[in-house]
Amino acid sequence: MFARRLLGAFGAVLITAAVSLASATPAQAWEQRDVYKTGWAYTDSRLPDQSFINPAGDAPIGARTGSDGKKHKSRAYFSFDVARFAGTVVHGATLVIRERSAANCAEAQPVELWRTDPITPTTSWAAPPRKRELLGTTLAGGDSTCPGWLSWDIKPALQKLANRGESVVTVMIRVPHGQEGDLSHGRVLLPHPSIQTQTNHAPTVARAGMEYPSWACGTKRAPQPVAARSRVLMAQISDADQFDYNIRGQFAAWPVGHPEQRSERFGAQYGSGLSKTEWDMGQYPHGTVVAWQVRAYDGYDYSQWTKPCYVKVDAEPPAAPVVTSTKYPNDGQPHGGQGVPGTFVFKANGSPDVVGYYWGRFGDAYNYVPAPSPGADATVEFTPQSFFEYLSVRSVDAAGLSSELTRYDFYVRTTAPGVRVTMGGVGLPSLLRMSTDEEGVTEFGYRVDDGAEVRVPAGAGGTAEVPIVFTETGSKRIVVRSFAGSELIGGTTYDVRVEDSPTVESADFAWPEPDGVVDRPGSFTFRPRRPDVVAYEYFFQNDERQRLDAAPDGTAVLHWTPTRPSFYSLRVRSIGADGTESQWADYQFSVIDNKPTVYSSTYYEFGAWGGVGIPGEFGFTTAMPNVDVFVYRLNGGPEQIADPEYGWITVTLTPERSGRNALTVRTRYLDGTFSPPREYVFEVSDAPVVVSTDYPENTGAGQPGQPGQFTFNPGRDGIVEYRYTLETGEQHTVAAGADGRATVEITPTHPGYTLLIVTSTTADGTATAERSYYFVVQDPSVWVSSGFNEYTPLGGIGTKGRFGFYTELREATTYEYRLNGGAWQSVPRATDALVTDVTLTMERNGENVLSVRGRTTAGQYTPQTDYPFLVGTASLVASETYPIAEWSSGVDVPGTFTFTQGTAGVVEFEYRVDDGEPVLVAASGGVATAVYTPTTNGWKTMTVRGRTGDGVWTDSTSYSFGVL
């Protein structure tokens with residue numbers, strides 16, 4: 001077969017690129033590489049016994065006229081090292097060589113490539129390498145690229161060499177025998193051939209198995225039992241090339257005996273050559289033996305399929321186990337005792353494939369015990385601690401299927417001994433107290449952590465006390481058991497935290513009581529919980545540490561008088577004679593103030609507030625007990641009495657002077673004594689006080705253009721003049737009357753919050769502080785709100801729309817409105833809502849105007865509001881069977897839907913439900929009906945639009961309803 005591949009300059013670029021790629025990137029699962037000659041030779045028919053091995057110069061083939069004027073015939077031989085391809089899959093192999101010259105470029109001429117035996121030192125025309133096979137014939141010349149590139153596809157040959165593991169290949173390039181002596185077929189080649197290759201090492205599967213049990217792979221005779229649910233199949237894949245992320249397994253499975261049911265799928269790649277897939281074993285009937293295997297794929301080549309693994313599908317869980325116990329029978333009566341162990345037997349209940357049991361206390365089956373053999377009983381020991389106990393047990397078979405839980409209830413005699421530990425600390429004796437109400441107990445046994453049990457006799461009252469010395473801090477577990485002779489009666493565990501922090505005691509400061517009191521002295525007693533304590537370090541809150549020496553018995557007394565109320569934390573640690581420092585003890589307590597607390601949200605203790613004649617609330621409170629009343633006076637005036645409830649009360653005081661004011665409060669106790677006084681000093685502003693019944697402060701009243709009276713009251717003596725400014729307007733002046741007051745009339749010009757600023761002046765020109773008086777002027781306008789607006793058309797003719805009316809003017813009791821200049825209609829103003837709603841039926845498409853005004857009881861009108869909006873062309877949709885926005889009827893229940901034109905001239909309607917196909921229905925007089933029968937339940941949306949006689953579609957209507 002002839003094949004032609006002539007590579008010109010572009011082919012040279014491709015070759016260069018391939019060489020660069022092979023040298024610049026690391027080996028991967030796919031490798032491109034150019035292989036160059038390791039040696040070459042040519043032969044000459046005129047010199048039949050002469051060898052030309054690796055000569056300088058070019059490689060002649062075919063016939064040529066030599067320098068001796070005679071005809072010479074030659075063949076060229078080239079050797080290549082192909083050892084690296086052993087064991088690879090060859091995806092491409094092309095041998096290319098470039099021509100230096102050709103005797104005839106006008107005609108396409110054949111050139112053969114042969115595989116031969118290797119070149120030897122004696123290779124010559126008379127002793128050529130033996131020909132093995134013709135690798136191919138290419139055509140040279142016959143176009144503008146001559147002299148150019150010659151190429152042969154040698155992929156099959158290179159694959160054979162790779163399979164045999166051969167390391168060298170030698171090829172011969174020659175003119176075919178019939179033309180070899182024709183001078184017009186002679187050619188000269190550049191002796192630099194290369195083999196362009198694309199190869200890959202096919203991956204291999206190192207092992208295959210299930211994820212659980214780990215790498216399990218059953219045999220045909222002994223298939224691995226699996227539950228009838230998804231199981232993870234795995235393959236460990238290796239590759240002679242560097243691993244890349246394309247490597248994964250292709251898994252296949254089929255019921256044994258049914259290869260036609262084989263199915264295959266690729267697994268996911270999990271790194272390090274691991275590939276997994278989930279296979280649903282639940283698709284096979286119970287008892288089916290399924291074979292599965294896997295092969296590796298690296299994106300280019302597959303490995304061989306592995307030897308099959310076998311599983312047997314188990315879809316029947318075992319029966320719930322039977323539980324029995326001799327010590328603790330399930331008969332509703334208490335047995336044994338708390339802390340007394342008993343044995344419990346779990347039986348497979350006739351399920352022969354049970355391999356183990358999960359069991360636990362109170363519903364949690366988390367402990368596992370294996371069956372000695374499939375279907376056999378298992379025995380566990382359990383020590384109950386409560387009066388009522390139950391064990392939850394389930395059996396599990398070889399496939400991992402679990403049975404239903406078996407609940408085993410039993411009652412336990414309340415025999416646990418009582419345990420109490422009085423902590424002495426570290427290195428000092430702690431007292432362990434043990435007791436029991438059970439008769440006949442002769443002794444107790446106790447052990448600390450994993451230490452040996454110590455037995456002590458029980459006293460006549462069933463008690464025993466023993467000292468225990470702990471040698472270190474930390475958590476300790478004490479196990480205590482009671483015995484009647486050699487019989488175990490009951491047992492319990494007691495966890496204790498061993499600490500060496502000192503104890504802190506106080507009869508004066510404690511939490512939650514008694515509280516300390518400011519200025520009342522008290523004391524704290526520190527007691528050691530380590531031997532040889534000589535001192536204590538302590539500090540309150542974040543104060544600096546202080547040292548207090550201990551008495552010879554290791555105790556110390558700290559005397560302390562609090563100076564401020566607070567919640568305190570006292571930290572104390574002991575210091576031994578050898579410098580050993582104990583853990584810190586935290587002692588918390590509260591100190592309350594002996595003076596009452598005074599507060600006000602009107603007159604604060606900083607800044608100037610309020611004004612003369614402006615009342616303020618003052619709160620009195622105290623944490624002291626036995627309170628009778630609060631006694632208070634303002635600015636040295638007469639004392640007054642306030643009778644509190646639960647230690648607090650609020651009084652209202654009205655300052656009569658500006659500037660500094662002082663409120664003095666003290667507490668009188670039930671025994672008639674008084675607390676120290678609390679003085680609360682506050683500053684009252686001397687700004688004038690403004691009063692208006694027409695426009696009350698921070699309240700909506702009046703309207704623009706409606707005058708109001710404002711009275712200015714003096715904030716100090718000697719006021720002769722007031723200056724006031726409305727908003728940022730002109731400042732006005734008014735003289736004060738003999739009583740220091742002045743009244744002015746002000747007419748606001750706009751609605752909303754309005755600021756009146758007033759200051760006053762005394763006869764000597766002293767100006768007081770400014771008073772900012774805010775009042776709200778009502779806006780008489782009517783606001784209209786609606787989903788209909790002047791930007792986006794909505795609905796169509798016949799659509800009902802909601803419109804809301806609102807005005808700030810409290811005097812307005814009625815709204816009057818009309819649509820598009822029609823007759824005025826009225827609606828009472830809503831008394832239970834801010835907005836009054838009306839519903840209008842749209843009369844025309846396009847631009848519409850709703851006019852609204854308010855009317856007072858006196859018959860006065862507010863300004864008229866014109867509200868423009870757009871009405872679209874959407875149709876009306878109605879159905880009694882499936883009302884809009886409701887759940888009704890049901891699947892397969894037909895419903896009749898009526899479509900009414902939203903603009904004139906509609907001749908047909910189109911509707912679709914959800915994403916269904918559109919349906920056309922003809923209209924008569926702009927109305928049509930359609931019957932829709934839902935086939936599924938759920939929420940549906942019907943979209944409807946009309947088309948007029950001139951072919952124009954109207955706006956769409958969405959009609960949503962629920963199908964039960």
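Predicted model: local features only at pLDDT ≥ 70, side-chain atom pairs only at ≥ 80, totals over all residues.
**Exercise 1. The cavity**

Task: Determine how many cavities of 30 Å³ or more a search of the whole structure finds, and describe the lining of the largest cavity by residue and by element.

Solution. 
Step 1. The volume of the largest cavity is about 50 Å³.
Step 2. The lining consists of Val82, Leu135, Ile154, Ala157, Leu158, Leu161, Val169, Val171 and Ile195.
Step 3. Two or more residues of this lining come from each of α2 (155-164) and β9 (168-174). The largest share, 3 residues, belongs to α2.

**Exercise 2. The surroundings of α2**

Task: Identify the buried residues of α2, state which elements they pack against, and describe the residue that follows the helix.

Solution. 
Step 1. With buried taken as under 20% relative accessible area, the buried residues of α2 are Ala157, Leu158, Gln159, Leu161 and Ala162.
Step 2. An α-helix has 3.6 residues a turn, so residues three or four places apart point the same way.
Step 3. The packing partners of the buried residues of α2 are β5 (89-102), β7 (131-140), β9 and β11 (194-200).
Step 4. After α2 comes Gly165, with a positive phi near 75°.

**Exercise 3. An open sheet**

Task: Give the order of the strands in the open sheet that contains β22 and β25, and explain why one side of each of these two strands is left without a neighbour in the sheet.

Solution. 
Step 1. The open sheet is formed by 5 strands, in the order β22-β28-β27-β24-β25, and its pairing is mixed.
Step 2. β22 (334-335) and β25 (367-370) are at the edges and have a single partner strand each, so one side of each lacks a neighbour in the sheet.
Step 3. β24 (residues 354-361) pairs with β25 in the antiparallel sense, over 4 bridges. Gly356 lies opposite Pro370 in β25.

**Exercise 4. The whole chain**

Task: Count the helices and strands of the chain, and decide whether the chain is more spread out or less spread out than a compact globule.

Solution. 
Step 1. The chain contains 2 helices and 74 strands.
Step 2. Its radius of gyration is 53 Å, well over the 30 Å that the globule rule gives for 964 residues, so the chain is more spread out than a compact globule.
Step 3. The C-alpha trace spans about 150 × 110 × 75 Å along its principal axes.
Step 4. Of the 964 residues, 45% count as buried. Among contacts between residues at least 6 apart in sequence, 66% join residues at least 24 apart.

Methods: Residues numbered from 1 in each chain as written. Heavy atoms only, no water. 1 Å grid on protein atoms, 1.4 Å probe; cavity = no way out; pocket = protein on both sides within 12 Å on 5 of 7 lines; lining within 4 Å. Points joined across faces, edges and corners; volume = space filled by probe spheres on them. Pairing = 2+ DSSP bridges. Rg over C-alpha atoms; globule rule 2.2 N^0.38 Å. Buried < 20%, exposed > 50% of the residue type's maximum accessible area, 1.4 Å probe, protein only. Contact = heavy atoms within 4.5 Å.
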